[in-house]
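Thanks for coming. I will go through one model this morning and keep to what was computed from it.

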Amino acid sequence: MSVFEIIRFALRGLFINRLRTALTTLGIMIGVASVIILLAVGNGSSKAIQSSLDRLGTNSLQVRSGGQGFGFRARASASTVKPLTILDTVALADKTQAPDIKQVAPIVSTNGTCVVGANTTTPSTFYGTWPAYYEASNTTIQSGSYFTNDDVTQARRVALIGQTTATALFGTDSPIGKTMRCSGIQFTVIGLTTVKGSSGFQDGDSLVLIPITTMENTITGNQALSDILVEATKSTTTTAAQNELTAILDARHGITGNKTADFSVFNQASLLTTASSSSKTFTTLLGAVAAISLLVGGIGITNIMLVTVIERTREIGIRKAIGAPKGAILTQFLIEATILSLLGGALGVIAGFIGSHFTIDGTKPVIVPASVFLAFGVSILIGVFFGGYPASRAASLRPIEALRYE
Amino acid sequence: MEAVAALEAVASVDEKLPVIEVHDAVKRYGSGDAAIYALDGVSLSIEPGEYVAIMGPSGSGKSTLMNILGALDVMTSGKYYLDGIEVSSMDENHLAIVRGRKIGFIFQSFNLIPRTTALANVELPMAYQGIKPKERRERAMVALNVVGLGDRVNHEPTELSGGQQQRVAVARALATRPALLLADEPTGALDSKSTGDLLDLFDQINAAGRTVVVITHELDVAHRAKRIIRMRDGKIVSDELNKERVA
């Protein structure tokens, strides 16, 4: 009795109960496919966060007024908070005091709605800044032109907009040279920024950038800065740059001795750590849900194999009467269960690969290679493990009792 | 597989050994006062080439004897030699090998594997013995031709009549070239025409030299045998040659 022969018996057994085989296989298939797809979604979203943070640049630092926040160098808030000003910005740009700072961009942020005819949109990012911002924030344009230092000094009413904003206001038309009205002020769109994609929490292309002077003159008034964006010379000098800017701002804001700072510094690297750890939790949760569905699929195999053994008790009796040893029966049913899970596992891998090609809720899944091997391997183990009990029951049936069974 | 080799070594010691030799077989169910003796000291010897009918009313112990002779069940005490091999002390795995090699079974309810062709059914015991597919197929075809079903090899049991199914079972039993053809109420589910055909087939098989043991409660079936053993209450009450068939 060769193993090949037993495999043939097992295949015949499965083929005779085609519908049952298909449904059991489906259980494992869904389990394996969901493990692969859900882990791919988790992985994809963490990749997306990472790449959008990479695009922001790991060598950029963000200074914000006030001590609170989740920044990695946040200090307790001071009793009197001096706001960040343009003068702070200029001081940070001093090459002799801060040799590791490449350039500095002030940011005045506001919430406003932009209107063109009947189309309106509220950009999630509406900043007034100056040209150093482009490089510090990795912003480039795909068409039109940047606003220049000249535009800033002249406080011209020009704007760069992101793809999401452009589509909302102008549809498929090119927005370059067109006018829009934001917070009641009319702007000429001079540039369209390159698509940044979503950062997982925020659409990076729902964007309006205008000269900081225009922002202060027409919309916000001459108020404090929301942020200062600082670009270090290299990613390796980020920490040095952070120390320099802290020293400069401490001096300017009168922070000495045990007095706590009235500003906080956000480091992109620490932001990245936070984001990727939260996406890891998310991936683990998705994986756990998927693993449960794989387990349920395995229990389905046990159930079906038990029913199969009971239904075929008489057949098992006949096989034993005509000389089938215990091992042959055990192997036959074990192989049947293993084929079920193998087939389900293989189909699940295929379904997982197909499913991972679709964008799921804004996230492009990225398959984790280990999850494919893991899910497939586990599905085979499930076949052996969950098929083992019914198979040993079949093998230990006594022939006279099995033959008597109706 | 060394077990098989050992079995064959023992079997070939003496060609003239009885096919069946049972000494003082006891099969007891329960214990103490509640004990029931299905077999109560049965001794029996059947030589190669015999055609024996074992008769008795239900409850006489003939089915229990059949299970023990067929190595499907073990006895409580006593000794059983099948074709020279001591079977009474074997475990289930060795019994399975003995069944496959030494015994061809024919059951009342045919016991063919459902949804499997006549040919595959006949090949099955040989498959478990590890006979190569080509030889298996040839032997199965020969056996099916012997029972007159050469044109029905690819039919499944549900496509065959009761008589035909029983003849497939006979072919399956013959194809392994067993020492003993053991039939348990083989005509119980057949009409009289099929019964006649089957009994004629048994005559032929026995005439060709094979040992046949039939367990039955039907007189006309028993009377085709050359030796009739009658049982009652777990004991043999008579064991005589059938004068109609033996000159």
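Where in chain A is N138(A) found? It sits in the loop between α4, residues 132-136, and β6, residues 141-144, of chain A. I start there because N138(A) has a positive phi, about 60 degrees, although it is not a glycine, and at 39% relative accessibility N138(A) counts as partly exposed.

Before going on: this is a predicted model. Its scores are ipTM 0.89 and pTM 0.67. For chain B the average pLDDT is 89, and 94% of the residues score at least 70. The stretch to set aside is residues 9-14 of chain B, where pLDDT stays under 50. For those residues the model has 5 contacts beyond four places in sequence.

Chain B also has a non-glycine residue with positive phi. That is D24(B), at about 55 degrees. D24(B) is placed in a strand, β1 of chain B, which covers residues 20-29. Is D24(B) buried or partly exposed? With a relative accessible area of 46%, D24(B) is partly exposed, because that value lies between the 20% and 50% cut-offs.

Now chain B as a whole. The chain has 8 helices and 10 strands. Of its 247 residues, 53% are buried. Its accessible surface comes to about 10700 Å², and carbon and sulfur atoms account for 51% of that. If you take the contacts in chain B between residues at least 6 apart in sequence, 68% of them join residues at least 24 apart.

Next, the nonpolar cores. Which residues touch the most other members of the largest one? That core has 74 residues, and the ones in question are I20(B), I54(B), L69(B), Y80(B), L182(B) and V213(B). Those six are in chain B, yet the largest share of the core, 8 residues, comes from helix α11 of chain A, residues 326-355.

Leaving out residues up to four places away in sequence, L69(B) touches I20(B), V22(B), L44(B), I54(B), Y80(B), I103(B) and L182(B). Apart from this core lies another, of 54 residues, including I161(A), C182(A), I185(A) and I228(A).

Terms used
Residues are numbered from 1 along each chain as its sequence is written. Chains are lettered from A and ligands numbered from 1 in the order in which they are written. This is a predicted model: local features need pLDDT of at least 70, side-chain atom pairs count only at pLDDT 80 or more; totals for chains, interfaces and linings use all residues. Side-chain values use heavy atoms; hydrogens and water are left out. Helices (H or I, at least four residues) and strands (E, at least two) are DSSP runs, numbered from the N terminus. Buried means under 20% relative accessible area, exposed over 50%, partly exposed in between (1.4 Å probe, protein chains only). Contact means heavy atoms within 4.5 Å. Accessible areas come from the Shrake-Rupley method with a 1.4 Å probe; for residues, only the protein chains shown count as cover. pLDDT is the predictor's confidence in each residue, from 0 to 100. A nonpolar core is a set of buried Ala, Val, Leu, Ile, Met, Phe, Trp, Tyr and Cys residues joined through side-chain atoms within 4.5 Å.
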